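Colleague: I have a few things to ask about this model before I write up my notes. Could you go through them with me?

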Amino acid sequence: MIWTAGMAAQHQLIQAIPARWKAKRNVRERCAPIILDTYDGTLFARGTFLIAYPGDPTTLEALGVPSFRAETAERPVPGEPVPAAVTAIVESCHPLARSLGDWTLLDHGEIYEVRQNFAILNEDEKTVCHCRARTFRRTPHSKGVTGWACSQLRGYEDEAEQLLVSIAIGSPFGREHGDTGRTISRSISRGIGPGTVGTTAPPIEASYLLARAPLADGVPAVERDTPAFTAVSLLAHHIVTRADRYRDGVVDDRDPEALHQFRVNLRRARSLISLLKSVFEPSFRRTIGSELREIMSVTNRLRDLDVHLHDEAMLRGAIPNMLVPGFTRVFKRLREERERERERVRGYLRSDQYMSSIDTVKSLLMTSEAEGANGGAKPIAFTLQRAIRRRYQAISATVASLNEHSEPEQLHDLRVSCKKLRYLLEFFPTLLRSKGAKETVRDLKKLQNLLGAYNDLSVQEAFLLNQVDGMRDDTNVAMAIGAAYAQKAGEREDLAEKCMAAARSFCSIARGERIAHLVLWGKR
Amino acid sequence: MKTVALFSIKGGVGKTAAAVNLAYYAAEKGKRTLLVDLDPQSSAGFYCRVRPKSRARGRSLLDGRKHVVSLVRASDFANLDVLPAPRGFRNLDRHLDHESDKRRRLTPVFKRLGREYDRIIVDCPPHFGLLAENVFVAADTILVPVVPSVLSTRTLEQLVAFFADRSLRPERIVPFFSMVDRRKRLHRESVEAGQAPGSPFLSTIIPNSSVVERMGVERKPLLAYAARSRAAVAFLDLSAELETRSIL
């Protein structure tokens, strides 16, 4: 049994339990392979609750059947879930601490349930423990409570116990974000281990990870002659919904990847709407665009900080050891700023303002076809082909203008153009010639990787220069930044030539012809 | 319970790969299977990502039957457990030499393990010593992978002669061709000779394939990551043939 409860929270809970039960059973008994935890340290606790007894994995099964009534509650029978009228344990949203010890609480009302099976792996990536978890939420976005049942594999009892304790302490699902927690969190997020092959349940944090499934999952079916407005609206709605599914991950700050994916999906939705803009009325497009831009702008700084902090080890490794201590102050300041930004973003994503923005976007995208512009009635294949061709022409024009005197901004523009072309090729894969699209995407990826690396170096340079401001008095900082800057500038110049060569090889006559006939009009 | 040991005096003939894949196949079939790694290189354990417990010693295998059970660890695959070899197993011969019944000391150990498992697959070290003798006594079948080469075939003959010397039943020795490269004339001829009527060799031939070597990278049985490869199909055929002969 893993014990993560705060004593104050347990005390509150114990106070709320009828005295006769307490006499019968010691609620602090440690006997069950169940961990209870809330995601963010609070739990909505109001109304009638099902209180399941500790020590019984079947309680989790029983939780899926909330058919108990308080008035029929009798003395608890060990091994069976116990219904009870524990009215108003606390008022709503009262912090019950991160954990509730052995007890499982479940609101009787309508709930959202996420079932998850996953494996906990050790450093050898060997499964040491199989876990089944169920998360219950009042609404898809509300806080949840999770019940876990873990079965340790034979011979790995001690190791599994240690890892589970680390999870509890590191709290990858909670507010804390210590190193241990993150390590374990990564282990967990590898999903179902080979020992549970055949399990259909999604891996841990389904609400978060499901959104990381390939885009094809659940993408609305689109035919060649589907009106462009319908096709684009449906897909944009799907992408925005996906982005919204990462919201919990961002709020809980489980993993920087959640914020990244949140933003990537929003960016894709924006690109889709702007690249196929003939489909929408300008006012319609502007409204959606401004809402999405606003949401993204709130998270800009936090994402930048995540990227800079992610680069910390690499930057430290890029300069001589004696200069490394100069970075300590820099990154300490960044971490402090990240904490502030995280709170700000969390507040925003929980606010009515965010909900209103996302609802506005979704509802607009669900409006009828009649709201579309003239171009919206044309078949999607036609609109897509035209957009792909134009985007390729834009890339070709940029590439033609590149030379050794080109400004870094030109390579940046080229990167953006490539990204947009790739989005276009990935939005409606069923409408494209599979082989040609795959080849183009593959070559685009190679080019993008180079351009991305170039852009990363530019961003790092700008970041380093910014850090000098306000720390000019600190010689150590200046020396560390100076050394890293010189290193990065040299690397960037080398990379620029490679980028140009790759871009020129990407744009060819043959490629242009392939691009011109990429969309399927007749048979495949 | 059936105990099958993979043995060859020669190293690098595919004992461990065969042991791991046969064990995986049996487990997939729903049989409770234990893969016992007696080779101190611990390759079978490595393939299954199972490390020996830190407290495991060479003598642990001999220190009481209950103690043996505590060395067993679950693999990542249903029904398949592994008894990984700690480094101390290199001294097993020395430990056995001090035992009273040194040629049959492992028999009760396997019997104890057999209470929990339907199949026990033993991966032996390439060494002719007391440990090997114990396995010969305890196992129902000795599977011998033979690379179609002179030296490998000679080791098979030596093994048969050893069984005769010790009055062990030689019919329990079941050889099969392993790591066969059909581009080589010698391999082709050896296989043809081995498949002649009356030959003790199994009809299944395990080809030499790089996908088998990848087991060390994937750290999984071949059937778990390249089930459609030629080598994986050969291991399936081998398992099926052993099943038909009531060996596995």
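Colleague: Where does E493(A) sit?
Modeller: In this predicted model, E493(A) lies in helix α17 of chain A, which covers residues 475-506.

Colleague: And is E493(A) buried or exposed?
Modeller: E493(A) is exposed, because its relative accessible area is 56%, and the cut-off for that word is over 50%.

Colleague: Which residues gather with E493(A) on the surface?
Modeller: E493(A) belongs to a surface patch of negative charge, where it gathers with E404(A), D494(A) and E497(A).

Colleague: Switching to chain B, in what order do the strands of the open sheet come?
Modeller: The open sheet of chain B has 8 strands in the order β3-β4-β2-β5-β1-β6-β7-β8, with mixed pairing. Its edge strands are β3 and β8 (205-207), each of which pairs on one side only.

Colleague: What does β4(B) pair with, then?
Modeller: Strand β2 (residues 33-37) of chain B runs parallel to β4(B) and is joined to it by 4 bridges, with T33(B) standing opposite L80(B). Strand β3 (residues 73-74) of chain B pairs with β4(B) in the antiparallel sense over 2 bridges, and there A74(B) has D81(B) as its bridge partner.

Colleague: How many residues lie between β3(B) and β4(B) in the hairpin?
Modeller: There are 5 residues between these two strands, and N79(B), in the turn, has a positive phi of about 70°.

Colleague: Are the faces of β4(B) covered or open?
Modeller: Both faces of β4(B) (residues 80-83) are covered, with L80(B) and V82(B) buried on one side and D81(B) and L83(B) buried on the other.

Conventions. Residues are numbered from 1 along each chain as its sequence is written. Chains are lettered from A and ligands numbered from 1 in the order in which they are written. This is a predicted model: local features need pLDDT of at least 70, side-chain atom pairs count only at pLDDT 80 or more; totals for chains, interfaces and linings use all residues. Side-chain values use heavy atoms; hydrogens and water are left out. Patches are made of residues with over 30% relative accessible area and no salt bridge: like charges are joined within 9 Å, nonpolar side chains (Val, Leu, Ile, Met, Phe, Trp, Tyr) within 5 Å. Accessible areas come from the Shrake-Rupley method with a 1.4 Å probe; for residues, only the protein chains shown count as cover. A salt bridge is a side-chain nitrogen of Lys or Arg within 4 Å of a carboxyl oxygen of Asp or Glu. Lys and Arg count as positive and Asp and Glu as negative; His and the chain ends are not counted. The place of a charge is taken as NZ of Lys, CZ of Arg, CG of Asp or CD of Glu. Buried means under 20% relative accessible area, exposed over 50%, partly exposed in between (1.4 Å probe, protein chains only). Two strands pair if DSSP finds at least two bridges between them.
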